[in-house]
Amino acid sequence: MSDNNTLNFTEFRARIGDLRGKEFWRSLEELSRSDVFDEFFAQEFPQQAQPLEKGVDRRNFMKLMGASVAMAGLAACRQPADAIVPYVNQPENLIPGKPVYFASAMTLSGVAHGVLVESHMNRPTKIEGNPEHPTTLGASDPFMQASVLNLYDPDRSQVVRRFGDTATWGEFIAALQPVVNAARANGAGLRILTQTVTSPTLGAQLTALLAQFPGAKWHQWEAVNRDTVREGGRLAFGRYVHTHYDFTKANVVVALGSDFLCDGPGHLRYARDFMSRRKVRSGTKSINRLYSIEAGMSGTGGVADHRLPVKPSQIEDFARQILAGSSTNPTVQALIADLQGNRGASVVIAGEEQSAAVHAVVHAINSQLGNIGTTVLVTDPIEIAPVNQLASLQELVRDMNAGAVNALLILGGNPAFDAPADLQFAKALDKVPFRAHHSLYYDETSNRCHWHIPEVHFLETWGDARAHDGTISIIQPLIAPLYNGRSVHEVLGAVAGGLEQTAYQTVRSFWAARGGDDATWRKWLHDGVIPNTALPVVAVSAATPPATGNQQPATGIELEIRHDPTIYDGRFANNGWLQELPKPQTKITWDNVLIVGPRTSEKFGYTADERDPLVNEKRTRFVDLSYRGVNMRLPVWVLPGHAEDVATVYFGYGREMSGKIGNGVGFNTYPLRFSDALHGGAGARITLSEEAPRIYPVACTQEHQSIDPKLVGERGLIRSASFEGFQQNPNFAKDPHHGSDVTGHGSHDTNMYPPYDYSDKHAWAMVIDTSVCTGCNGCVIACQAENNIAIVGKDEVVRERELHWLRIDRYFRGNIDNPEVYHEPVPCMQCETAPCEPVCPVEATSHSEDGLNDMTYNRCVGTRYCSNNCPYKVRRFNFFHYADYDTPALKPMRNPDVTVRTRGVMEKCTYCVQRINAGKIEAEKQGRKVRDGEVVTACQQACPTEAITFGNMNDKTSKVAQLKALPTNYALLEELQTLPRTTYLANIRNPNPAIAPAKSEHADRGHEG
Amino acid sequence: MAQIFHRSANTLSRVTIFGAIFIAGFVLWVIGGIVRSPYFTNQGIHREQVVPFSHQHHVAGPGIDCRYCHTSVETSSFAGIPPTSTCMNCHAQIWTNAEMLEPVRASFRTGKPLVWSRVHRLPDFVHFRHDIHVAKGVGCATCHGRIDRMNLVYQASPLTMEWCLDCHRAPEKYIRPREEVFNMSYVARNQKTLGPELVKRYGVQSKTHCSACHY
């Protein structure tokens, strides 16, 4: 690399300055525009371009080929006979070959997400949101989608264990009996540790148990515990409350370190509601406005109209400024004016990483603005017993150390791994004479307990739970327990007497006493919700803000600790789909890193000079992090927009006993979590590590298979305007500068290919609204689940071989210290004149009558010419046998309607052609046309913000045709005349005209009018 | 200098060159023949079954309709193999002591399903649906042959893609009236005129794009 190509961040800034914030860019490497990067980009699969290390001579080649031909001859034997095994008594309403859907609910940190589970011959294969459920409204998040893989995971615990050895449930009961009898006698020493509980049945069981054993105690702990939210509510209103929000009524939203669109209870509903006020359609008069004040870049911060990167310790100060109504910061001052202009129609929301004081101040602000009762809804807690979970755990550890705990039942969770490090939970646990752990996996905690009881997955058992607004759902099983699991109700039954009761009987009898007669019960199960069980809004007194604490502005680097966006607190570590899912902002897979901003990284010497040789985002440097006496070596990652002097780590990685997939992946950052600072604090020191190995490979997918960076700015891959700009010039996205025509679809007039008439057929098409995409990844993993997409592992991701059919491109715009972020999901464009088709030597990719660009796996010989010729880079190649054909447990998980692809085959998005065909056949059988909305693609179904619309473009009344007629509709690289069926709606933001810097930053908004 | 090769070498080399082309052609022809042969397609091969169930006996004799056992043929991709209980509907009362039926009774007694050997097998990358074919007037016998004359069922058609496309390219050659779909002995008298008319009436489309079956 020549010297003049090595840029440092100052030069980056200068370069962006030259462009006056006009240009979009995707990564720092792209911005550097080094020769290496350009060369890297010119290659289709750069990692494959290396020549064989040891040459193969002609003689050896002939030998191998000869052997292969001989083998092929041998292999061409007859197909072995298959068996068909019918039922003895076929269940009613079960039609072999047709899926059946059941409503149930998945809980995450106690909160129910209503799901509809697709079941093929009683095998759950796919999870969707339940449209009737208030939290999901039919949408789904990555955890819900991926939970089906957890169900079949062969690494799940399969047997009761005593000291790690195989035992039986009966032996456990026998061992438990004396312990229970002893507890009954002296009434103390029995402790139960659960995660957050919202289940009314479980709550009743626990309450009954505590009544039966007056000396027993119930503790709760979960690493993602929302303690600060609860305590903030208590500070403000004098008691524990639960808050949820109605974003449909909010014109102005201020997020204080909150990622409410992508994380936390109700985020799917919030994303739907918030974005419903942001869609620009014909006749839209106004859209809402979002301010975000946060440290690390979150999904919510990314789509905010104004984002203020600040240190976590400054957030309370900003909150108090908003409460006081005056600020020296011009952005905050404008924000305050905006809030005050929208009394009763605004929301201020703080994230769970913020302190209780911040939450209390936020309640006071909402109370002052008259939002409480309109946009901010306060109810009784949804938890059965709201507690400060940290205090609860501390009490347990204290008692264990004091020898006051004779028996401990840990129901779910993994406290030996995820309890705050300074409590030394594991050490205290060893002092308990009888300890049993009930969990899905034989994990770090099970390993330290006398007894381990395998838990049932939520798709295998009965239960109930409350949603983010309190609505109760019944959890019903889709399949009998695969691995001898026991439900939590059965384990509690074993303690409290009621051993013979199954989970079904427990849940059924609880609800039978509460109006659940048989007909009603069946209706609840069918709908997935118990109607009218949302908690009523309670009248609360005006919130009192806590007294001003003496906020000392912290110096040095602050550490921010958050749960991982894809594997949560570590519980999904053995889930390959979630491990390989690119994390929303960094696009890193299979790892956790120390995220810092560009300015911070320069401070400890990780300059662009250092970074450029590690180009392509494939490798990075190790740094030594020292924080409150803990020293840790972590790979560093520079993320534009990260607040200065803040370093962010995700916890959940570094598992040792999660299973084959998750063991030894990433770095365990729990030792950085102290009980007095669960979410981080000041006093971190970072230095570049000089210890070998200094370099660490990171599987970041940002620059994988993406459109040529030279085109990013010039060709308008992403088009954006302010709402004001849009009103002045609605056709901004059609600027001839982008070479687009009025239809936004391209035309055959200037095309060399002969036109094909689709008018009497369906013309399947998709529109993706980039304004409302939060980059949450719901679509990516829904696609993976629907289409049997294999995972490839970290090493293969580094070689750019990941197989996700749908990727979300991240674009930055402007200043690298605080850029705007844009997300653009890119599936196959289904070009009408697809460049991939003419180059295939075996016609494995061809056009369907509906205009779909078909990929025929059984014809593909793997030349990869098609991928080379695809300007959008949406084709994926199976370099190896990635699909697991051998593990029996994974076979029933796959979608039987989609081929499992093997080695040497190209694959890509099909617009879910299996769903299209099913829809068409159903319509044909009934002798009618396919109705609009009848065929829904997996990505569309998952999307919480309804950013993806799919349908028949020929039907002018269809939603998709109407969106395509909008002036903001544009196609990617439309000047190539590929006539893509997938088009985009330009991104429209709503910056506050009163905020000057944003104006000057983007003074040159060119053709935005 | 003497010639190295005799004059006859000219003829020999010509024969070899032309021969090579014909030999290559012959080899390809043989391969083509093999892949279309029952050795590859399993056409016409009887499979031993757990119970030697005779379609001839049940269909031609008492005239049981196809759908009595293959219940989902009109609603699902899979026609359905009857559960043991369907057999026992009759065999609880007739032939109750037949030795041949002992596996059926045993299955019903013990709840252990009968394991049948699959006769018609398509590769995993082909998605065939019975329901739409039945709805569009493709007779059972068109693909499965005269099941009513088979003792042990065998695969009457080669099930090659070439064979599928034969009908997909020209459905009018095979379509029959819907009410005749389950009629084993239906013979079209005027297929030349009836075929195109039915194709029009039923809205039968000639589906030859790849994703009609491969996805």
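**Predicted complex of chains A and B**

Apart from its neighbours within four places in sequence, A:Arg810 is in contact with A:Arg26, A:Lys587, A:Gln702, A:Gly775, A:Val821 and A:His823, two residues being in contact if their C-beta atoms, placed from the backbone, lie within 7 Å. The model is predicted: local features need pLDDT of at least 70, side-chain atom pairs count only at pLDDT 80 or more, and totals for chains, interfaces and linings use all residues. Residues are numbered from 1 along each chain as its sequence is written, while chains are lettered from A and ligands numbered from 1 in the order in which they are written.

A:Arg810 lies in strand β32 of chain A. Helices (H or I, at least four residues) and strands (E, at least two) are DSSP runs, numbered from the N terminus. A:Arg810 counts as buried because it has 21 C-beta neighbours inside 10 Å; a residue is buried if 20 or more other C-beta atoms lie within 10 Å of its own, exposed if 12 or fewer, and partly exposed in between, with C-beta atoms placed from the backbone. One of its contacts, A:His823, is 13 residues away in sequence, with a C-alpha to C-alpha distance of 4.8 Å.

The open sheet that includes β32(A) has three strands in the order β1-β32-β33 (chain A), with antiparallel pairing; two strands pair if DSSP finds at least two bridges between them. Because β1 (24-25) and β33 (820-826) of chain A are the edge strands, each with a single partner strand, one side of each has no neighbour in the sheet. Two bridges join β1(A) to β32 (residues 807-813) of chain A in the antiparallel sense. Within this pairing, A:Phe24 has A:Arg813 in β32(A) as its bridge partner.

A further antiparallel pair in chain A is formed by strand β3 (residues 100-108) and strand β4 (residues 111-120), over nine bridges. A:Ala105 has A:Gly114 in β4(A) as its bridge partner. β3(A) and β4(A) form a hairpin with two residues between them, and A:Ser109 in the turn has a positive phi of about 50°.

Chain A as a whole contains 31 helices and 41 strands. Of its 1009 residues, 56% count as buried. Among the contacts in chain A with a separation of 6 or more, 76% are between residues 24 or more positions apart.

The largest nonpolar core has 217 residues, and A:Leu256, A:Leu594 and A:Ala647 have the most contacts inside it. A nonpolar core is a set of buried Ala, Val, Leu, Ile, Met, Phe, Trp, Tyr and Cys residues joined through C-beta atoms within 7 Å. Helix α13 (residues 356-368) of chain A gives the most to this core, contributing eight residues. With neighbours within four places in sequence left aside, the contacts of A:Ala647 are A:Ile557, A:Leu559, A:Leu594, A:Ile595, A:Val596, A:Thr600, A:Ala684 and A:Ile686. A second, separate core has 42 residues, including A:Ala183, A:Leu396, A:Val405 and A:Cys449.

Chain B has ten helices and one strand, arranged along the sequence as α-α-α-α-α-α-β-α-α-α-α. Its radius of gyration, taken over C-alpha atoms, is 25 Å, whereas a compact globule of 215 residues would have a value near 17 Å; the globule rule is 2.2 Å times the number of residues to the power 0.38. The C-alpha trace of chain B spans about 100 × 45 × 35 Å along its principal axes. Of the 215 residues of chain B, 23% count as buried. Residues 24 or more positions apart make up 70% of the chain B contacts with a separation of 6 or more.

The contact between the chains takes 34 residues from chain B and 32 residues from chain A. On the side of chain B that touches chain A, the elements giving two or more residues are α5 (84-91), α6 (102-110), β1 (116-117) and α7 (130-135) of chain B. The most, three residues, come from α7(B). The residues of this side comprise 14 nonpolar, 14 polar and six charged; Ala, Val, Leu, Ile, Met, Phe, Trp, Tyr, Cys and Pro count as nonpolar, Asp, Glu, Lys and Arg as charged, and the others, Gly among them, as polar. β1(B) also pairs with strand β2 (residues 83-84) of chain A, in the antiparallel sense over two bridges. In β1(B), B:Trp116 stands opposite A:Ile84.

The mean pLDDT of chain B is 91, and 100% of its residues reach 70 or more; pLDDT is the predictor's confidence in each residue, from 0 to 100. For the complex, the predictor gives an ipTM of 0.89 and a pTM of 0.89.
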